[in-house]
Amino acid sequence: QVQLVESGGGLVQAGGSLRLSCAASGPPSSRYRMGWFRQAPGKERSFVAAVTWSGDRTYYSESVKGRFTISTDNAKNTVYLQMNSLKPEDTAVYYCATDPRPVGLESLSSGMVYWGKGTLVTVSS
């Protein structure tokens with residue numbers, strides 16, 4: 001079964017940057033969609049970004065568009081989330097996820113099938 005392990009979280013000042021990594025084992029098939037979600041304390045899990053394995057299509061939450069970039073490295077079976085211009089409201093546990101359903105990325109923003117255990121990102125003001 002697909003396994004997803006996130007890394008790269010930590011403490012950063014507002015305006016700073018972090019790059020999260022998601023190492024996938026299995027690995028997901030080329031048709032799988034990959035994504036990042038986040039859950040802030042006391043809030044529901046929300047969508048951040050999604051990408052196809054080939055990297056030819058991406059989809060972002062409006063709250064992160066222009067600041068975050070999702071990408072893939074197929075040779076390393078890894079998905080990245082480059083986070084720039086971080087804000088305190090970006091503080092959350094970030095989860096890597098994947099889904100085999102052959103639908104548009106925007107259709108998966110409500111949730112995906114497989115999940116990692118998350119990595120904590122804390123942005124100080």
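Trainee: Why is the link between C22 and C96 called a disulfide?
Mentor: This is a predicted model, and the values are computed from it. The rule asks for two cysteine sulfur atoms within 2.5 Å. In C22 and C96 the sulfurs sit 2.0 Å apart, so the pair passes. A search of the whole structure finds one disulfide.

Trainee: What makes the disulfide of C22 and C96 left-handed?
Mentor: The torsion about its S-S bond. That torsion is about -80°, so the disulfide is left-handed.

Trainee: Which parts does the pair tie together?
Mentor: C22 belongs to strand β3, residues 18-25, while C96 belongs to strand β9, residues 92-99. The tied parts are therefore 74 residues apart in sequence.

Trainee: Are C22 and C96 buried or exposed?
Mentor: Both are buried. That label requires under 20% relative accessible area. Across the protein chain, 44% of the 125 residues count as buried.

Trainee: What elements make up the protein chain?
Mentor: It has 11 strands and zero helices. Read along the sequence, the pattern is β-β-β-β-β-β-β-β-β-β-β.

Trainee: How do you know that the radius of gyration agrees with a compact globule?
Mentor: Compare two values. A compact globule of 125 residues would have a radius near 14 Å. The protein chain has 13 Å, so the two agree.

Trainee: How many of the contacts join residues at least 24 apart?
Mentor: Take contacts between residues at least 6 apart in sequence. Of these, 58% join residues at least 24 apart.

Note on methods:
Residues are numbered from 1 along each chain as its sequence is written. This is a predicted model: local features need pLDDT of at least 70, side-chain atom pairs count only at pLDDT 80 or more; totals for chains, interfaces and linings use all residues. Side-chain values use heavy atoms; hydrogens and water are left out. Helices (H or I, at least four residues) and strands (E, at least two) are DSSP runs, numbered from the N terminus. The radius of gyration is taken over C-alpha atoms; the globule rule is 2.2 Å times the number of residues to the power 0.38. Buried means under 20% relative accessible area, exposed over 50%, partly exposed in between (1.4 Å probe, protein chains only). Contact means heavy atoms within 4.5 Å.
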